[in-house]
Structure formats: C-alpha cells, structure tokens
Amino acid sequence: MTEEHADAVKVNLLTLRQFNKAIGLPYRMLQDKKQHSFVKEEKFEKLLLTKADRLIIHLQSQKAAVLPKEDWNLVIPSNFVALDFEEGISAPFMSWYFNEHPKIQKQFHLSTQGSTIATLSINMLRAMVISLPPMVEQEKIASIVTLQQHKRALMQERNELENKWVRQQILNKLGEF
C-alpha cells in the first residue's frame, strides 16, 4: 500500500538496527532497508506492536530482546516474533535465557542444523522445553544482565572517546608543523 490511498496510515517498522542496539550488537549496514510502511486504517488495530515486557526474537539471528521505551509502538515485521508472558515470567530474564542459556542454544542449533539459512521456526519456538527459576531469581539474573550490558555500553563509549581524543592529539601535533 502506498500513501496515495486516502485511508492509508503511515506506520514505523521495527528495524534490525534498533533490535541490535537493544542487545548491544553492532549494525554493519549503512542504512536500514525499510523504516516505515503504509496500511489501511482499519487494519492498523490488528498490527502487532512493540511494547514494554514484550520479548522480540529475530528469527534469523536467533537472538531475543526486550526493547527500550524509545522503540515501543513499532510494527513488528515478519522476520521477528513477539512473545508475551504470563504473570511470574520476567521478559528481561527470558531475553537472557534465549540468548545465553546452553540448553536453549542447543535446541536452536539442533532445530536449524542442515538448513541453508539457519532460521528459527514458530513451531520450533512453540515446542521448546523451558525450565524457569522462581520469579525472584529471574529478576536477579535480569538485573545482573542489565548492569553488564550497561557496563559494556559505557566501556564502548569510553573507547570511542579515547580514540577521538588520540586522533585530535595527533592532528594537533601535525598542525604544529
């Protein structure tokens, strides 16, 4: 659908750049492929959007993330899956669980073995065997992971600032000649 339709509504799409940023991975493409689309107004209500405590899984990278507030209310495209959890399950914990737990990584590996492109399927996600600790433990683990991600981001920012400072010092020295 294009914007020429009178009943078309412009919607912003979740991009791989936003997803990767949420899990602390670099995005190597210069530009996202598609950042918005147009849909009929009556179909807008049926769209699945990003929101708080909704776990988003990228089917090709086999990674999961709970998106920050600035990335809420984006339409979730078909290369992502959204999971909502019942009471007693922490979405940030589940993000860590999907991304790091050895049992889950083994299930992902077995389900995509022999594939030309390793992509998770919805049926595979439905059939996963998951054993969860109590909510208190989930929250502790999620808190540790969040602090670790924040530390990693700060260290990356520090390295970038150091690199800029060194470059500027070199340029200053060259300017003296």
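Let's start with Arg54, which is buried, with a relative accessible area of 7%. Buried here means under 20% relative accessible area, exposed means over 50%, and partly exposed is in between (1.4 Å probe, protein chains only). Keep in mind that this is a predicted model, where local features need pLDDT of at least 70, side-chain atom pairs count only at pLDDT 80 or more, and totals for chains, interfaces and linings use all residues. Residues are numbered from 1 along each chain as its sequence is written, and side-chain values use heavy atoms, with hydrogens and water left out.

So what does Arg54 pair with? Its side chain meets that of Asp84 in a salt bridge, at 2.7 Å from N to O. The term stands for a side-chain nitrogen of Lys or Arg within 4 Å of a carboxyl oxygen of Asp or Glu. This pair ties together distant parts of the chain, 30 residues apart: Arg54 sits in the loop between α2 (41-44) and β3 (55-58), and Asp84 in the loop between β5 (80-83) and α3. As a general point, side chains of opposite charge can pair when their charged atoms come close.

The structure holds three salt bridges, so let's look at the others. In helix α6, Lys140 and Glu137 lie three residues apart, about one turn of the helix, and their side chains meet at 3.6 Å, N to O. Both ends are partly exposed: Lys140 has a relative accessible area of 48%, and Glu137 comes in at 34%. Further along α6, Arg158 and Glu162 are four residues apart and therefore separated by about one helical turn. Their salt bridge has an N to O distance of 3.2 Å. Here Arg158 is exposed, with a relative accessible area of 55%, while Glu162 is partly exposed at 37%.

Helix α6 also carries Ile170, which is partly exposed, with a relative accessible area of 47%. Together with Trp165, Val166, Leu171 and Leu174, Ile170 makes a nonpolar surface patch of about 530 Å². Patches are built from residues with over 30% relative accessible area and no salt bridge, joining like charges within 9 Å and nonpolar side chains (Val, Leu, Ile, Met, Phe, Trp, Tyr) within 5 Å. The areas come from the Shrake-Rupley method with a 1.4 Å probe.

The largest pocket has a volume of about 910 Å³. A pocket, on a 1 Å grid over the protein atoms alone, is an open set of points with protein on both sides within 12 Å along at least five of seven lines, and lining residues have an atom within 4 Å of a point. Of its 32 lining residues, Lys21, Ala22, Ile23, Gly24 and Gln149 are the closest to its centre. Elements giving two or more residues to the lining are α1 (16-23), β4 (63-66), α3 (91-100) and α6 (135-175). Helix α6 gives the largest share, 10 residues. By type, the lining divides into 15 nonpolar, 10 polar and seven charged residues.

Finally, step back to the whole chain. The protein has six helices and five strands, which run β-α-β-α-β-β-β-α-α-α-α from the N terminus on. These are DSSP runs: helices (H or I) of at least four residues and strands (E) of at least two.

Technical notes: On a 1 Å grid over the protein atoms alone, a cavity is a set of points where a 1.4 Å probe fits but cannot get out, and a pocket is an open set with protein on both sides within 12 Å along at least five of seven lines; lining residues have an atom within 4 Å of a point. Grid points are joined across faces, edges and corners, and a volume is the space filled by probe spheres set on the points. Ala, Val, Leu, Ile, Met, Phe, Trp, Tyr, Cys and Pro count as nonpolar, Asp, Glu, Lys and Arg as charged, and the others, Gly among them, as polar.
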